[in-house]
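Me: I'm new to this one. Can you walk me through it?

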Amino acid sequence: MSRSRAVCLCLCPDAMLQTTLAVLSGLAASVAALDPVEVYGNKFFNKDGSQFFIKGVAYQLVPDDPLIDTNQCKLDAGLMKDLGANAIRVYHVDASKDHDGCMKAFDDAGVYVMLDMDTFNTYIEPTMLYWNSSQFEKFSDVMDTFQKYDNLLGLFVGNENIAKRQDSPVAPFIKAAARDMKAYRDRKGYRKIPVGYSAADIQELRPMLQNYLTCGGNSSEIVDFFALNSYSWCDPSTYQQSTYDKLQEYAKNFPVPIFFSETGCNVPGPRKFDDMDAIFGKLMINDWSGAMVYEWIQEENNYGLIQYGPPTKKQNKRADDAVVGGFTRKGTPTPKNPDFNNLKTKWASLHPTGVSKADHDTKSISTRDCPTSTSGGWWQVNGNVKLPTLGETKTGAFESSPSATADPSATATSGSKAGDKTGSTGSGSQSSSGPKATGGSGSNDKQNSADRPLALFGASFAALVLSLAILL
């Protein structure tokens, strides 16, 4: 050691201490800002036991995966923080890509992420009744890729799969998908990442569907949350006019968390987001867990909260081009007002506290009876039918069962991703990316109807101590 360095080490302890504290401060800032959110009873809870409420936006800049462009995610996450958002919903991702940069960008901004697990060719089709290993493997790929992120809030097994009169027979396959993905999650030793479903707000189907996906008394088979895409509140409106009073009636003491996975009617416009007062106010706060507003980017449907530039006639030539469908999809986001400021102001005025986990009385939760079919009605699944196994297709009427399949499918339980030799291998469609272009629901009528930080910090601290020891 040189004499000058020895003198400095002996005579400058304050400088060393300040340097060490600065390094430690930088390390602390680099670890994940968010802790995982969990489901308990019919609510979401933070690690400290406080209730978590969703203030989110739908986020699908490009059709395939908006979570691989780190720089773009940083730009968007910063403005989302200013908006007051704490969550995003992403409809399609590519599990083979690197998402570390984007997930950290949103984590740093205090934003959780909810993902749809289906891809464009693994959607559970209402017209092709099967749930097979090809779908299971793709769903599990998404879970495998994203389970490591503490700001992963939840995973969807489907989005508006049931939206027409003839669609309800696919419900047991959706429920089977939730069963198998939860079994796979538990088998792999992942944390209890919530697995749920996003439904279209169809009056003739929604009440029965939300009850069916949570009925039967077997927690391994029901969804962990139920979400609703509803555009019935079109400003100016009221709690009764919008039929939110009816939505609340069906959500009273619901057995799992329920929230709006899409909302924000834009007719006639501008959007004032007055429905947020009801969702986060005394009328609904005891039963609802928040809302996702549709959507972040401005597209042809005119639902955007921001834009990256004016519409252009240029069309994309490559997958990485900045323009898709005539709209620029990367760059510095610019708020589209008055909608952006209206939502920002509204969210800033709403600070629900809810109930603490310790005080949450799960005995007040009401398990629903499985709905029965009626002659001529839209709902065609009669009671607590036996759920299909992985690879099974529907060949006739569903059998009634006092308890639907008690054990998950063998493939899901074992964690295997082997090909399914017996199930159908037909591909699905792009149904979960309907008239809203890059993402969103497939509904045509919108007017009616997301200890690792501690471990990382510890390792970094150990490295720092070792470095100082070597220096000394």
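**Starting from one asparagine**

Reply: Let's start in a loop. This is a predicted model. In it, asparagine 266 touches Arg271, Asn301, Asn302 and Tyr303, leaving aside residues up to four places away in sequence.

Me: Which loop is asparagine 266 in?

Reply: Asparagine 266 sits in the loop between strand S10 (258–263) and helix H9 (275–279).

Me: Is asparagine 266 buried or exposed?

Reply: Buried. The relative accessible area of asparagine 266 is 14%, and the cut-off for buried is under 20%.

Me: And what does the side chain of asparagine 266 reach?

Reply: The backbone oxygen of asparagine 302, at 3.1 Å. Asn302 is also one of the residues that asparagine 266 touches.

Me: Zooming out. How many helices and strands does the chain have?

Reply: There are 12 helices and 15 strands. The chain has 472 residues, and 53% of them are buried.

Me: What about the accessible surface of the chain?

Reply: About 20000 Å². Carbon and sulfur atoms account for 52% of that.

Me: Now the cores. Which residues have the most contacts inside the largest nonpolar core?

Reply: Leu67 and Trp296. That core has 97 residues. H6 gives the most to this core, with eight residues.

Me: What follows H6?

Reply: Glycine 189, with a positive phi near 80 degrees.

Me: Switching to H3. Which residues of H3 are buried?

Reply: Gln72, Cys73, Asp76, Ala77, Leu79, Met80 and Leu83. Helix H3 runs over residues 70–83, so to speak a 14-residue stretch. Its C-alpha span is 20 Å, close to the 20 Å expected.

Me: What do the buried residues of H3 pack against?

Reply: Both strands and helices. The strands are S4 (54–58), S5 (87–90), S12 (306–307) and S15 (334–335). The helices are H4 (100–108) and H10 (339–348).

Me: And which glycine comes just after H3?

Reply: Glycine 84, which takes a positive phi of about 105 degrees.

Note on methods:
Residues are numbered from 1 along each chain as its sequence is written. This is a predicted model: local features need pLDDT of at least 70, side-chain atom pairs count only at pLDDT 80 or more; totals for chains, interfaces and linings use all residues. Side-chain values use heavy atoms; hydrogens and water are left out. Helices (H or I, at least four residues) and strands (E, at least two) are DSSP runs, numbered from the N terminus. Buried means under 20% relative accessible area, exposed over 50%, partly exposed in between (1.4 Å probe, protein chains only). Accessible areas come from the Shrake-Rupley method with a 1.4 Å probe; for residues, only the protein chains shown count as cover. A polar contact is a pair of N or O atoms within 3.5 Å; within protein, one must be able to donate a hydrogen and the other to accept it, and residues adjacent in sequence count only if both atoms are side-chain atoms. Contact means heavy atoms within 4.5 Å. The expected span of a helix is 1.5 Å times one less than its number of residues. A nonpolar core is a set of buried Ala, Val, Leu, Ile, Met, Phe, Trp, Tyr and Cys residues joined through side-chain atoms within 4.5 Å.
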